[in-house]
Amino acid sequence: MSETRSTCCYCGTGCGVIIETVGAGATAKIVGVRGDPEHPANFGRLCSKGASLHLTTQLTGRALVPEYRAAGDQARRAVGWDTALDAAAERFAAIIAEHGPDAVAFYVSGQLLTEDYYVFNKLARAVVGTNNIDSNSRLCMSSAVAGYKATLGADAVPCSYEDIALADLFLLAGSNTAWAHPVLFRRIEDARAANPDLKIVVIDPRRTDTAAMADLHLAITPGSDAILYSAMLHVLLWEGLVDEAFIAAHTSGFAALRAQLRELTPAAAAASCGVSADDIVTAAHWFGAARAPLSMWCQGLNQSSHGTANNAALIHLHLATGKIGRPGMGPFSLTGQPNAMGGREVGAMANLLPGHRTLSDAADREELAALWGVPALPATPGKTAVDMFDALREGKIKAVWIACTNPAHSLPDQTRVREALQKAEFVVVQDAFADIETAAYADLLLPAASWGEKEGTVTNSERRISRVRAAVAPPGEARADWNIAADFARRLAARVGAGDTAQHFAFAATAEVFAEHVATTRGRDLDIGGLSHAVLERDGPQQWPYPAGATSGQARLYADHRFATADGRACFVPLSFNLTAEAPDARFPLRLTTGRLRDQWHGMSRSGRATRLCAHEPAPRLLLNPADLERRGFKEGDLARVASRRGEIVLPVSASEELKPGQAFAAMHWGGRSLSHAGVNQLMPAATDPVSKQPELKHAAIRVERAELPWRLVLLRAAETAEPEEELLVWRARLAHFLPQFDYAALTLAGRDHPLLALNVAGAEPLADDRLALLVAALDLGDSTVYRDPRRGIVKMARIDAAGDQLKGLLLAGETAAADWLRELMQSGRPLGDLRRWLFAPAAQPPAGLVPAGRTVCNCFGVADTDIKALLGQGLALEQVQAQLKCGSSCGSCLPELRRMAAQAVVTVA
């Protein structure tokens, strides 16, 4: 066993991890992950996702060799790296020669390391001569960037994680922190335990696990954020809770904003916000009276057609009260991706330049050109994410290079995005995973190293730069992202008349790339002139700024109340008070919101490989308020057609008290690898914020109608080898190709100790025998007991292991009443025994003696809600339940749900 310190690759918390490996060289394998107790971001804590990273390292589904589809070919074929990169250089050079540099584009990712990001950015601007480089961070944090720049003058988060322990009020806005940033939420829970007088205000349309622990939950109407914060500021003004001296000495623009808010009383705002005026007043009073208020927010504010205004309106509260720049207080955006911050530092977005330089500033462009050793840099603004794919669809952009992101899942209005990829002349996909939705459109697929196989740096939400280290070698012919980009840059430079530029991409290691990145920051607000890989190795993770001569980073910014504007004053900015890009109407009467699940991340290209992470929320569904479910005549699990102005998908419905009537919720994780459609982003509008260009991925107007799909099929397959998850991924890849053929299909993983693959299908007509045979063959179900009823169109198959006591495969077609309890039987690993005679019975209820396992709450120990409720119902305190079941005693991700269950428990035994 050997150990390697690194950083988690999921959210922007930036947790330190210790990777455990066995073997050496090509045979080395990651077998475990635990939190790094010395890392200041998490001090050893990990969430369920981070603690399961070692369960996502299977080879099935990985991109292992370059694959190229030459012009006229129908399929890609394996090629060597020289052939692949020469082909890419020739195709890009030809397009540039004919149509100019802006006919190509690069779409990169907040999951890249800083060194990867840096090389791609330099490639686009210094070699190609285009600003058409944007990141999927455009979908994540660009409104926070725009809000910080508009008010504070720079994209610089002023707070640190240590402020969580020092705050006396938390304003959690547009963030289900308990699920999206669980380790940070543990800190909030610790702060509350240490200070019972601390108050928590949560602003979210849903009553999430985060909202459930709030002292005040403002369940606002989607899109009304800026109105709410501005009404709170109106109260602060009216009741003398602002800091007039701070405003006069350190800000500008306040008089104009005061005039704009004169009529925005709590009563006036209440109708738009969907909350009471009294609650608005209470939130304002608490904020104004707090010694150290800390505001934390995420995508609920950012993913809006007025996300910049949302951010600015929240920051205004801190500026108006002077509560910024000191311990425990300030506006603190929570980064969604592990290195969205690093991408902002290197300027790898269409409207940015490295070192927080401004693209429109000629002096900034000249300075950067000199640093890079090129005559000039392009001045024309590049295309941002949504506009980039629109231009690809319209033929204005001919070629796109996509690295470490999955736009055929994550962008809004998926029909248009997929049309764009289909129409493009040349698509390069550089990714660790060959099974992502976007890979199907690649003319050139390049295998990239992934987490645990690459090294460099990332920057987390508190501006802390951490080292990422390789624990094993990349599989197959996969290479580091920066290495691929640098190699391509050298080849392209020779073909576009920029041969002299090639020498500027002769990096031998990531440390050299980082050193060049450091040089671009010297003298800037994010100056890290005192950092290097060697310093990070010696001293551990550090916050910026960290200029030359420094011995530590800076925990918080603006302590002197001098801001990053030309005159040193923070700015109050005029606001627009809109709700959402589209309003509900008679045809689309419901408001759909989207969000994350506790144990999944983004498009599940990684987290969706671990069956353990599928237990808490095993399948996609649409949540509706019980009244809306009843009004439409739906029962739990019924299939519904969910339509917006952009298209229609089918999902099962489920009741949720978390939602107000008139609202719906769907998780954004499932896409075309799991469903017969592209997922919820097929419904979302491409409307963007006019400043940040971030799309409104959080809201769409929809209607929900019954899906008349009477024919059903359920396929369950349990692994039979020593590497069960590898085997399940092989079967999943085979079945994924069938999904678009069905009216509705969901392909999911399930189980913990006994994992299995599940396919649920619904259709208007029965599946033809030949198509059914293909599904059976794909899952190796040939050696099975078979029952057929041709008259009723029923086929049932059961595969039992050689010992005769374990159900390993099941097909129910035409009649599926027993599917749920048979699935639980397979997941339990229980011997068949007398249940064997019940396998083909049309029985919705399990035979006597088979107790339903319930829904998994604690993934670490596989504890179900039924076990927890049973003990709580006996009158046990939560601590006693945890002592018996161990739930919540490892990663802690389930603690908010456990506390909610304890609060709602009904004691049935005296």
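A: In this predicted model, 6 strands make up an open sheet, and their order across it is β30-β31-β29-β34-β33-β32. The pairing in this sheet is antiparallel. Its edges are formed by β30, residues 744–750, and β32, residues 785–789, each of which pairs on one side only. From one strand to the next the twist averages 10 degrees.

β32 is joined to β33, residues 794–800, by 5 bridges in the antiparallel sense. Within that pair, Y787 has K796 of β33 as its bridge partner.

Another open sheet has 3 strands, in the order β19-β20-β21, and here too the pairing is given as antiparallel. The edge strands are β19 (456–459) and β21 (542–543), each with pairing on one side only. β20, which spans residues 464–468, runs antiparallel to β21, and 2 bridges join them.

The pairing with β26, residues 647–655, is antiparallel and has 6 bridges. A hairpin of 2 residues links β25 to β26, and the bridge partner of A643 in β26 is E648. The pairing with β28, residues 699–706, is also in the antiparallel sense, over 4 bridges. There, A640 stands opposite R706 of β28.Turning to the helices, α3 spans residues 142–152 and is mostly covered, with 9 of its 11 residues buried. The buried residues are S142, S143, A144, V145, A146, G147, Y148, T151 and L152. They pack against both strands and helices: the strands are β12 (293–297), β13 (330–333) and β22 (570–571), and the helices are α12 (299–302), α13 (307–321) and α14 (340–345). After α3 comes G153, with a positive phi near 95 degrees.

A helix pair is found at α26, residues 865–873, and α28, residues 895–904. Their axes come within 10 Å and cross at roughly 40 degrees, which makes α26 oblique to α28. The crossing of α26 past α28 is right-handed. On the α26 side, the contact is made by D865, I868, K869 and L872, and on the α28 side by L898, M901 and A902. By class, the contact residues comprise 5 nonpolar and 2 charged residues, with no polar ones.

Methods:
Residues are numbered from 1 along each chain as its sequence is written. This is a predicted model: local features need pLDDT of at least 70, side-chain atom pairs count only at pLDDT 80 or more; totals for chains, interfaces and linings use all residues. Side-chain values use heavy atoms; hydrogens and water are left out. Axes are lines fitted to C-alpha atoms, for helices over the stretch in contact, and angles run from 0 to 180 degrees between N-to-C directions. Angles under 35 degrees count as roughly parallel, over 145 as roughly antiparallel, 65 to 115 as roughly perpendicular and the rest as oblique. A crossing is left-handed if the near helix is turned anticlockwise from the far one by less than a right angle, and right-handed if clockwise. Contact means heavy atoms within 4.5 Å. Ala, Val, Leu, Ile, Met, Phe, Trp, Tyr, Cys and Pro count as nonpolar, Asp, Glu, Lys and Arg as charged, and the others, Gly among them, as polar. Buried means under 20% relative accessible area, exposed over 50%, partly exposed in between (1.4 Å probe, protein chains only). Two strands pair if DSSP finds at least two bridges between them.
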